[in-house]
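Here is a short briefing on a few local features. Look over the sequence and the structure before reading on.

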Amino acid sequence: METNETKIAEDKQEYRNQLATVTDDGKRKWVYPKKPSGKFYNARTILSFFLLTFLIIVPFIKVNGHQFLLFDFLNRNFILFGIPFGPHDFHLFVLAMISIIVFIILFTVVFGRIFCGWACPQTVFLEMVFRKIEYWIEGDARDQRKLDAEEWNSKKLFKKGLKNIIFFIIAFFIAHIFLSYIISVDKVILIITQPPSAHLSGFIAIIAFSLIFYWVFAFFREQACTIVCPYGRLQGVLLDQDSIVIAYDHKRGEPRGKLKKGEEASPKGDCIDCHLCVDVCPTGIDIRNGIQLECVNCTACIDECDAVMEKINRPKKLIRYDSLNGIENKTKFRITPRMMLYSIILVVLVGVLGYLLSVRTDYSINVLRTPGMLFQEQPNGKISNVYDLNIVNKTFNETPVLIKLENPADGELKLVGKNIVLKSQEIVETKFLVLMDKSKLSKMNTPIEIGIYDGNKLIKKVKTSFLGPVEINEKK
């Protein structure tokens, strides 16, 4: 039977049944966030400056003539910190991806959605670049509403036109930076400096990405975080009562109510229901309703609330970084068994990945006597064995490969086919023969050593075996 308490609790959760940016009839509710200010906003601005500088500069950084970071998914060619990786490093990518996912889970369990507010490219570009330009041209939220409500006139045409031209120019620039990480900065420069017909697919890609970025930052905006981003959807299963999130202290703030002029003492809570925490929210939510998936932890509500608390001489941090247990029970942050488990898994994964990276060599070489073949009788009393050679060049350089029989010295090695010249990231599979005098075989299985050389430089010495019949001494 439904109790009054249950009914009241359900009524208070009614906001969870709808998106803050969608009207009851399903139409988009455009968000006009008030221009934020405060210490968190200033800190985010400084951090954004460094993040954007990093993003723009990195494609131009080269190590030994090669890009510092490259994610060429189309050709499965990756460069991380100046080191080339290819399809043969798939196991490393799998481990790295699992490690990143576990790290994101651990980070979210501890700090909630702090990445979204401080470092996500979507938030950084939208709030720190496009939104600032919008404030500069159209004014604060109230001015923007007024401008949108006006009939089209010269002023509105000028402001809207100027804003959208600047937006597209920035989106055009972002598309170039984005493609610099995908197809390399050198190819992007070629696309820019040569006629479009010479690089038609690259030219179309730049235009397409420019339009996509322009549409996302000019129109789609917070919908990318609240509707598209899968990370936001995971909050419901990743967060718990001990996760640090941006939370409203309802115990201190409720019952909320307007503060009358001259009123110093009030039975009400500290929240004066000024609505500024809602006005400043870029996703249009009311943080006082509790944790919501639309919240990107941008801290704008903290700054705005702190400024209000300061004006009315009440303690700051009515809205703050805290856990639900911190709000409800005043408990301090603690490391939970869940956090410890994720940490242990992450340490193990990073340890294994670190070990594999430390033993990773420039070449991967495998020599195996061809399965199903024992030995072959050759003219002039020779015995031969056939071997499979698999060699991977993980370097940037083209490598001429030489194969030598190191031991025994009186044997002979013949490569099947042409000489081997390995291109960068190339895999070559070939065969070679080792020939030995039948009379010199003293046992069925003779150990041999094969040297693989890059020119005159020994890459690897491989120990394997040679099979052959042993001649019976006729004197016996």
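Leaving aside its neighbours within four places in sequence, which residues is Asp286 in contact with? The contacts are Arg256, Cys277, Val278 and Gln292. Keep in mind that this is a predicted model.

**Asp286**
- Asp286 sits in a loop. That loop runs between helix H14 (276–279) and helix H15 (300–311).
- Asp286 has a relative accessible area of 16%. This value is under 20%, so Asp286 counts as buried.

**Cysteines**
- Searching the whole structure turns up 0 disulfides.
- For Cys281, the closest cysteine sulfur belongs to Cys298.
- Cys281 is buried, at a relative accessible area of 12%.
- Cys298 is buried as well, at 9% relative accessible area.

**Nonpolar surface patch**
- A nonpolar patch lies on the surface. Its residues are Ile56, Ile57, Phe60, Ile61, Phe173 and Ile189.
- Together these residues have about 510 Å² of accessible area.
- One of them, Ile57, belongs to helix H2 (residues 39–57).
- Is Ile57 buried, partly exposed or exposed? Ile57 is partly exposed, because its relative accessible area is 43%, which falls between the 20% and 50% cut-offs.

Conventions:
Residues numbered from 1 in each chain as written. Predicted model: local features only at pLDDT ≥ 70, side-chain atom pairs only at ≥ 80, totals over all residues. Heavy atoms only, no water. Helix = DSSP H or I, 4+ residues; strand = E, 2+ residues; numbered from the N terminus. Buried < 20%, exposed > 50% of the residue type's maximum accessible area, 1.4 Å probe, protein only. Contact = heavy atoms within 4.5 Å. Disulfide = S-S within 2.5 Å. Patch = residues over 30% accessible without salt bridge, like charges linked within 9 Å, V, L, I, M, F, W, Y side chains within 5 Å. Areas by Shrake-Rupley, 256 points an atom, 1.4 Å probe, with all protein chains shown as cover. Salt bridge = Lys/Arg side-chain N within 4 Å of Asp/Glu carboxyl O.
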